Amino acid sequence: MTVQADLLLSCIAFVGMHFLLSHPLRKPLVRAVGEGPFQGLYSLVALITFAAMIYFYRRIGREPPLRDAGMAGWVAGTLLMWLASILLVGSFIGNPSLVGARGPRGGPKGVFAITRHPMMWSFAIWAAVHLMILAQPKSLVFDGSIILLALAGAAGQDRKKARRMGEAWHEWTAQTAFVPFTRGLAYPGTVALVGGTLLFLIATWAHPIPAGIWRWVG
């Protein structure tokens with residue numbers, strides 16, 4: 001078996017186990033072991049499968065890129081990564097989708113006025129930027145898996161929350177957007193903007209290759 005096949009299988013396991021543990025296996029496992037142990041099991045499986053993805057991704061090494069991102073790609077990638085960082089930080093502030101949350105309260109505020117799934121979109125944007133910039137065959141598998149899991153997971157989350165919360169969740173979806181900014185521009189909130197900007201600057205500064213503004217400022 002090739003390393004490329006190992007990467008593909010680890011990505012299938014990562015995505016597949018997320019869907020299995022989030023939907024058909026969740027209820028029976030929670031009944032069997034309890035909510036706390038189940039969350040621990042879920043996190044452990046996610047960590048192991050994601051670690052396997054990273055391991056095989058690195059084992060493959062650098063591949064010839066399928067295309068050159070060019071200056072326009074780097075500029076677009078920088079702006080998108082900044083947005084992803086803002087969405088990620090803002091997703092922890094009043095997120096009605098987090099485990100244990102009581103559901104939406106009032107109208108959408110902060111990043112939730114941009115999209116009702118800011119965390120999922122931050123992961124999807126992160127993966128899409130890496131796929132666009134690196135454009136290596138292994139990136140199609142690795143980053144494509146993350147995009148698939150994030151966006152399909154967001155759609156699945158909508159269905160699950162609608163079943164659990166009923167009218168409250170339908171009202172929330174009526175006021176919010178699935179795709180960012182499709183309901184117009186919105187201010188993400190000062191905490192998300194400042195925190196996301198700091199996260200973006202630190203993460204791109206620590207990046208293995210010059211990225212973000214450091215590509216031109218460093």
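Me: Which residues does Ala84 touch, not counting residues up to four places away in sequence?

Reply: Setting those neighbours aside, Ala84 touches Ser122, Ile125 and Trp126. Please keep in mind that this is a predicted model. Ala84 itself is found in helix α4.

Me: What makes Ala84 count as buried or exposed?

Reply: The relative accessible area of Ala84 is 5%. Buried means under 20%, so Ala84 is called buried.

Me: How far apart are Ala84 and Leu151, in sequence and in space?

Reply: They are 67 residues apart in sequence, and their C-alpha atoms are 14 Å apart in space.

Me: Let's stay with α4. Which residues form the nonpolar patch on the surface?

Reply: The patch is formed by Met71, Val75, Leu79, Trp82, Ile213, Trp216 and Val217, and together they have about 660 Å² of accessible area. Helices α4 (70-90) and α9 (214-217) each supply at least two of the patch residues. The most comes from α4, which gives four residues.

Me: Now the helices. Why are α1 and α6 called roughly parallel?

Reply: The axes of α1 (residues 3-22) and α6 (residues 137-165) come within 10 Å and cross at roughly 5°. Angles under 35 degrees count as roughly parallel, so that is the name for α1 and α6. Among the residues making this contact are Leu7, Leu8, Cys11 and Phe14 of α1, and Val141, Phe142, Leu148 and Leu149 of α6.

Me: Which residues are in contact with Phe19, leaving aside neighbours within four places in sequence?

Reply: Phe19, found in helix α1, is in contact with Pro24, Leu149, Ala152 and Gly153. The C-alpha atoms of Phe19 and Gly153 are separated by 7.6 Å, although these residues are 134 residues apart along the chain. With a relative accessible area of 27%, Phe19 is partly exposed.

Me: How many salt bridges does a search of the whole structure find?

Reply: The search finds two salt bridges. One is between Glu35 and Arg26, and the other is between Asp158 and Arg116.

Me: How do you know that Asp158 and Arg116 form a salt bridge?

Reply: Their closest N and O atoms are 3.1 Å apart. A salt bridge asks for a side-chain nitrogen of Lys or Arg within 4 Å of a carboxyl oxygen of Asp or Glu, so the pair qualifies. Asp158 lies in helix α6 and Arg116 in the loop between α4 and α5 (118-134), so this pair ties together parts that are 42 residues apart in sequence. Asp158 is buried at 12% relative accessible area, and Arg116 counts as buried at 9%.

Me: One last topic, backbone angles. What is the phi of Phe181?

Reply: Phe181 has a positive phi of about 70°, although it is not a glycine. Phe181 is found in the loop between α7 (167-175) and α8 (190-205), and at 31% relative accessibility Phe181 counts as partly exposed. Ala135, in the loop between α5 and α6, has a positive phi near 50°. Ala135 has a relative accessible area of 5%; buried means under 20%, so Ala135 is buried.

Key:
Residues numbered from 1 in each chain as written. Predicted model: local features only at pLDDT ≥ 70, side-chain atom pairs only at ≥ 80, totals over all residues. Heavy atoms only, no water. Patch = residues over 30% accessible without salt bridge, like charges linked within 9 Å, V, L, I, M, F, W, Y side chains within 5 Å. Areas by Shrake-Rupley, 256 points an atom, 1.4 Å probe, with all protein chains shown as cover. Axes fitted to C-alpha atoms, helices over the stretch in contact; angles between N-to-C directions. Parallel < 35°, antiparallel > 145°, perpendicular 65-115°, else oblique. Contact = heavy atoms within 4.5 Å. Buried < 20%, exposed > 50% of the residue type's maximum accessible area, 1.4 Å probe, protein only.
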